[in-house]
Amino acid sequence: MKADIAIPRTKLDFLTYSTDEKLGVGDLVLVPLKNKLKYGIVFKINSKKNIKGIRPVTKLVEKNFIPINLLRLYRWIANYYLCPLGDVLNLALPSQILKKYELKEKPPAPRIHIKVPRPTYFQKNAIKRIIEALEQKKFKTFLLYGVTGSGKTEVYLRCAEEVIKKGGRVLVLVPEISMTPLLYQRFYERFRENVATIHSGLKHKDRRNIWYEIKNGKYKVVIGPRSTIFIPIPGLQIIFVDEEHDCAYKEHCRNPHYNARDLAVMRGMFENIPVVLGSATPQIESYYNAGIGKYQLLTLKQRINDRPLPSVEIIDLKNEAKKFISPKLKLKIEETIKRGEQIILFLNRRGFAPALICPYCGFVVKCPYCKIPLVYHRQDKAEPAHLSCHLCGYKSPLISICPKCAKRTLLYRGAGTQRIEDMLKNILSKMKFEPAEISKTILRLDRDSIRKPGQAKEIFKTFDAKKAQILLGTQLVTKGFDFPEVTLVGIVNADIILNLPDFRSGERTFQLLTQIAGRSGRGKKLGEVIIQTFRPEQYAILFSQLQDYPKFYTQEMKLRQALNFPPFSKLILIRFRGKDEQMLWKEANKLFNILKQIKGLKILGPNRSFYYKIKKDYRIFILLKLKKKFPLKKLNFLKSYRTRGWTLEIDIDPLEVF
Ligand SMILES: [Zn+2]
Ligand SMILES: [Zn+2]
């Protein structure tokens with residue numbers, strides 16, 4: 001008998017092997033490849049392929065290792081994302097999984113009594129609809145759209161309870177596990193030792209053990225980031241995707257560049273179970289899908305306990321003398337501190353200043369590789385003062401003399417979180433705070449302050465315990481936290497994402513501003529939000545002031561339609577990466593000419609990427625715009641496109657197009 005076997009980390013779909021044993025689809029086997037033994041998954045038996053020199057399967061390792069429904073999903077990924085099955089298995093079965101594991105028995109967690117909140121009218125309605133679909137045992141996708149603070153988690157919990165009561169299992173996808181401790185905590189409180197989390201932060205051995213425990217059905221609820229979508233879960237009956245709009249669901253680095261939200265919907269289809277996508281700011285495509293009836297829309301219109309949404313004020317920085325912290329924001333900060341309440345300040349830029357320039361000759365200190373301005377980082381607990389490239393990680397010592405005109409006059413331009421932190425310290429010291437108190441009052445949360453694992457959690461804990469009054473940070477602070485004492489949220493500069501050359505920059509800005517504004521006033525007290533911007537008239541900023549997603553959606557859709565961007569078309573980004581600039585352009589033009597022969601493609605490029613060079617790699621892209629019904633099969637040749645000395649990335653439905 002012959003069997004088609006897919007092998008992780010190969011650029012192939014299948015290889016055919018012979019066997020005397022009775023193999024079945026989904027079995028895990030060991031097979032020879034060149035002069036090594038490799039793990040592989042049987043995808044097809046009784047293969048009729050006639051190939052010379054066929055080699056035998058070395059060993060059957062485990063029967064029914066991957067269930068058939070999941071194999072269907074893997075195959076779908078390979079077809080849709082135009083990559084070989086070997087690449088899919090590479091992500092689905094990391095090498096550490098395919099080794100021996102040990103079963104450990106954990107003692108049951110002690111019961112604690114928790115108060116289960118009574119659902120609101122809107123929550124009840126959503127729960128009822130989802131449970132109906134569960135009872136019908138049918139695939140259906142719900143978009144649970146609820147304003148910030150409207151209690152989406154409680155809806156997940158109630159439905160999960162129902163599933164577990166009937167002996168089923170639940171999968172919950174979250175954008176980033178360390179940034180969503182609250183959701184995990186809420187599940188853990190309800191379901192205790194029946195909850196498992198699995199993520200790349202675990203030690204290899206622990207991750208492997210949990211993976212097998214999940215596969216063997218030990219847990220009722222599995223919570224994890226995007227890669228969790230690949231794990232076999234017996235008796236899976238529902239999938240939740242929390243914050244479905246979050247770009248952490250997209251695989252950015254490797255082929256296939258999948259989006260776990262979309263895979264969740266496909267897995268729901270193959271497993272014939274309901275899928276619930278939750279968000280306060282759904283991705284435009286998701287809301288569109290709800291509009292055309294592909295998804296069913298469930299709306300949570302009010303915040304829990306009828307708490308009002310915070311009031312949002314926009315400050316036009318063009319009219320302000322002080323451009324980093326305007327007098328109004330400063331006043332609000334002082335008032336909130338005096339009242340003993342808490343503040344979140346958001347600035348999507350770490351370091352002290354994003355550029356170092358010479359006012360005499362205009363020289364800007366740039367990364368020698370990427371040619372973008374180096375960011376000045378002042379001395380910190382972990383590091384001395386230095387300049388760093390946020391693209392490639394290049395670091396250099398601080399310089400004070402202009403390399404071009406030799407004057408000792410280099411100036412910092414712009415502000416990052418460190419500079420704002422210094423300004424806050426200044427405000428506090430003028431309020432007669434003692435120096436020791438000042439450093440305790442302000443917490444900074446950005447990639448620089450959480451280099452060690454556990455540091456982020458520590459910062460959130462400190463803030464939650466009210467041991468600090470100000471939490472200043474990058475977009476890490478926008479995630480789903482619930483700090484009831486936060487009554488002021490300040491957005492230091494709303495324009496950073498808006499200024500990116502991307503058709504999604506408006507959407508991203510609206511999402512970010514609305515999510516962060518939603519952190520304010522989640523307790524009993526009223527919340528306030530201040531947005532500082534140079535573009536107060538821009539619609540993404542205006543509608544985030546009103547926190548009106550439907551209005552933003554209507555406006556954004558007009559633009560998308562006029563420019564024929566998704567959801568009106570489909571995009572494929574083809575990126576060329578390599579050290580040899582000339583060769584890369586030659587290769588890009590070569591592929592462009594091949595693509596030109598294919599009917600029904602609109603081809604943009606080849607163009608320089610927005611970041612043309614990162615470290616030693618040049619980057620060029622071609623953007624394909626196609627009709628939504630375009631047969632992707634026509635592009636199948638890309639799966640095995642020859643690249644030597646350069647890399648080809650194929651990003652289907654890209655979230656970033658620069
Ligand atoms: Zn660089
Ligand atoms: Zn100079």
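## Starting at one pair of residues

Let's begin with a single spot: A6 sits across from I41, a residue of strand β4. This is a predicted model, so everything here describes a computed picture. A6 belongs to strand β1, which covers residues 2–6. β1 is joined to β4 (residues 36–45) by four bridges, and the two strands run antiparallel.

β1 has another partner too. Four bridges link β1 to strand β2, residues 15–18, again in the antiparallel sense. Here you can look for I5, which stands opposite L15 in β2. Is β1 enclosed or open? Four of its five residues are buried, so β1 is largely enclosed by the rest of the structure.

## Stepping back to the whole chain

Now zoom out. The protein has 17 helices and 28 strands, and it is divided into five stretches or sets of stretches: domain 1 (2–96), domain 2 (121–305), domain 3 (308–350 + 416–561), domain 4 (353–414) and domain 5 (570–652). Notice that domain 3 is written as two pieces, with the range of domain 4 falling between them. The C-alpha centres of domain 3 and domain 5 are 38 Å apart.

How big is the whole thing? Its C-alpha atoms fill a box of roughly 80 × 65 × 50 Å along the principal axes. A compact globule of 658 residues would have a radius of gyration near 26 Å, and the protein has 26 Å, so the two agree. Of the 658 residues, 42% are buried. As for contacts between residues at least 6 apart in sequence, 74% join residues that are at least 24 apart.

Before we trace the sheets, one bit of background: strands of a sheet pair through backbone hydrogen bonds, in either a parallel or an antiparallel way.

The seven-strand sheet is open, and its strands come in the order β9-β10-β8-β11-β12-β7-β13, with parallel pairing.

Take a look at β7 (residues 140–146) and β12 (residues 274–279): they run parallel and are joined by six bridges. Within this pair, K140 stands opposite P274 in β12. Helix α3, residues 121–136, packs on the sheet and touches β7, β11 (236–241), β12 and β13. The direction of α3 makes about 155° with that of β13.

## A six-strand sheet

The other sheet to trace is also open, with six strands in the order β14-β24-β23-β15-β22-β21 and parallel pairing. At its edges stand β14 (311–316) and β21 (442–445); each has a single partner strand, so one side of each has no neighbour in the sheet.

To find the spot, look for F346, which stands opposite I491 in β23. Which helix packs on this sheet and touches β14, β15, β23 and β24? That's α14, residues 505–517, whose direction makes about 155° with that of β23.

Note on methods: Residues are numbered from 1 along each chain as its sequence is written. Chains are lettered from A and ligands numbered from 1 in the order in which they are written. This is a predicted model: local features need pLDDT of at least 70, side-chain atom pairs count only at pLDDT 80 or more; totals for chains, interfaces and linings use all residues. Two strands pair if DSSP finds at least two bridges between them. Two residues are in contact if their C-beta atoms, placed from the backbone, lie within 7 Å. Axes are lines fitted to C-alpha atoms, for helices over the stretch in contact, and angles run from 0 to 180 degrees between N-to-C directions. The radius of gyration is taken over C-alpha atoms; the globule rule is 2.2 Å times the number of residues to the power 0.38. A residue is buried if 20 or more other C-beta atoms lie within 10 Å of its own, exposed if 12 or fewer, and partly exposed in between; C-beta atoms are placed from the backbone. Domain bounds come from an automatic or database domain assignment.
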